[in-house]
Amino acid sequence: MQQVGMGQATTVEGLVEQLIDVGATAVRRGFVLASGGNLSARLPGSEQFVVTGKGTWLDRLTPKDFTVMNLAGEIVGGNPAPSSEWKLHQRTYQVRADANAIVHMHPQHAVLVDALGHEIRLLTLDHTVYVRSIGRTDFYPNGSDELADTAAEQAKEHNCVLLAHHGCSALGEDVGMAFRRAMNLEEAATATYRALLLGDRTTRFPVTADEAIQHA
């Protein structure tokens, strides 16, 4: 199996293989349960993307569990029923030509810290380099136009978008980077949660994201 983080795959088969790997890892790490969350990747050089099918369990994905869609929202191949969150992926790809993959998962600490009214703080070099900044939407029903449109609006400025009481959406130039950003967002939330337990409400990484990238 092609390993996550090996760069942008150039075929549908390669992208699907990477997404299958990410799905299995996300469930194993506790970022999603069963059919929660969904994954997609843009086909290189095209206006099409491949997205997990409706109701698919992310740790049981096979090549038959993916739908190919275009940016107009039309099904052009694969599984006839895409994830109910396909609009979340479609609208974000429409506004971010540089995004080639989107990982949507339901990380516990990110959702909890936000639901309790706390900002997720970036505390380590990796948090700052990979997450950089966090966008946010209010709660909207899953699969809704409101969720897809507000997440896309936030994605214009942020690579990680927190969906209130729901999950997160992370973008990348390839599947591996999208997943790395999603994982670092959840790690930052976990670190923030632990800091709050210790009574700390102010500590964060000491330099800006741009400064951190220069030294990474």
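These questions and answers walk through a predicted model.

Colleague: Which ground rules apply to this predicted model?

Modeller: Residues are numbered from 1 along each chain as its sequence is written, and side-chain values use heavy atoms, with hydrogens and water left out. Local features need pLDDT of at least 70, side-chain atom pairs count only at pLDDT 80 or more, and totals for chains, interfaces and linings use all residues of this predicted model.

Colleague: What is the strand order of the open sheet?

Modeller: Strands are DSSP runs of E with at least two residues, and helices are runs of H or I with at least four, numbered from the N terminus. Two strands pair if DSSP finds at least two bridges between them. The open sheet has 8 strands with mixed pairing, in the order S4-S3-S2-S1-S5-S8-S7-S6.

Colleague: Which are the edge strands?

Modeller: An edge strand here pairs on one side only. That describes strand S4 (75–78) and strand S6 (134–137).

Colleague: By how many degrees are neighbouring strands of this sheet turned against each other on average?

Modeller: Axes are lines fitted to C-alpha atoms, for helices over the stretch in contact, and angles run from 0 to 180 degrees between N-to-C directions. For this average, direction is ignored. The value is 20°.

Colleague: Is strand S5 enclosed or open, and why?

Modeller: Buried means under 20% relative accessible area, exposed means over 50%, and partly exposed is in between, with a 1.4 Å probe and protein chains only. Ala 101, Val 103 and Met 105 are buried on one side of S5, and Ile 102 and His 104 on the other. Because 5 of the 5 residues of S5 (residues 101–105) are buried, the strand is largely enclosed by the rest of the structure.

Colleague: Which residue in S8 does His 104 stand opposite?

Modeller: S5 pairs with S8 in the antiparallel sense over 5 bridges. S5 also pairs with strand S1 (residues 38–42), antiparallel over 4 bridges, where Ser 40 has Ile 102 as its bridge partner. In S8, the residue opposite His 104 is Ser 169.

Colleague: What is the bridge partner of Leu 162 in S8?

Modeller: Strand S7 (residues 160–163) runs antiparallel to strand S8 (residues 167–172). The two are joined by 4 bridges. The partner of Leu 162 is Cys 168.

Colleague: How many disulfides does the count come to?

Modeller: A disulfide is a pair of cysteine sulfur atoms within 2.5 Å. The sulfur of Cys 160 has its closest cysteine sulfur in Cys 168, at 6.9 Å, so it is too far for a bond. Cys 160 is buried at 0% relative accessibility, and Cys 168 is buried at 0% too. The count is 0.

Colleague: Which strands does helix H5 lie across?

Modeller: Contact means heavy atoms within 4.5 Å. Helix H5 (residues 145–155) runs at about 160° to S6. The strands it lies across are S6, S7 and S8.

Colleague: Which residue caps the N-terminal end of H6?

Modeller: Helix H6 (residues 175–197) has 23 residues and reaches 33 Å from first C-alpha to last, close to the 33 Å expected. The expected span is 1.5 Å times one less than the number of residues. A side-chain oxygen lies 3.2 Å from the backbone nitrogen of Gly 176. That oxygen belongs to Asp 174.

Colleague: Which residues does Asp 200 touch, not counting residues up to four places away in sequence?

Modeller: Asp 200 sits in the loop between H6 and helix H7 (209–215). At 22% relative accessibility, Asp 200 is partly exposed. Its side chain reaches the backbone nitrogen of Thr 202 at 3.3 Å. The residues it touches are Arg 121 and Ala 195.

Colleague: Which backbone oxygen does the side chain of Thr 25 reach?

Modeller: A polar contact is a pair of N or O atoms within 3.5 Å; within protein, one must be able to donate a hydrogen and the other to accept it, and residues adjacent in sequence count only if both atoms are side-chain atoms. Thr 25 is in helix H1 (residues 12–28) and is buried at 14% relative accessibility. At 3.0 Å, its side chain reaches the backbone oxygen of Asp 21.

Colleague: What is the phi of Arg 132?

Modeller: Most residues other than glycine have a negative phi. Arg 132, in the loop between helix H4 (125–131) and S6, is not a glycine, yet its phi is positive. The value is about 65°.
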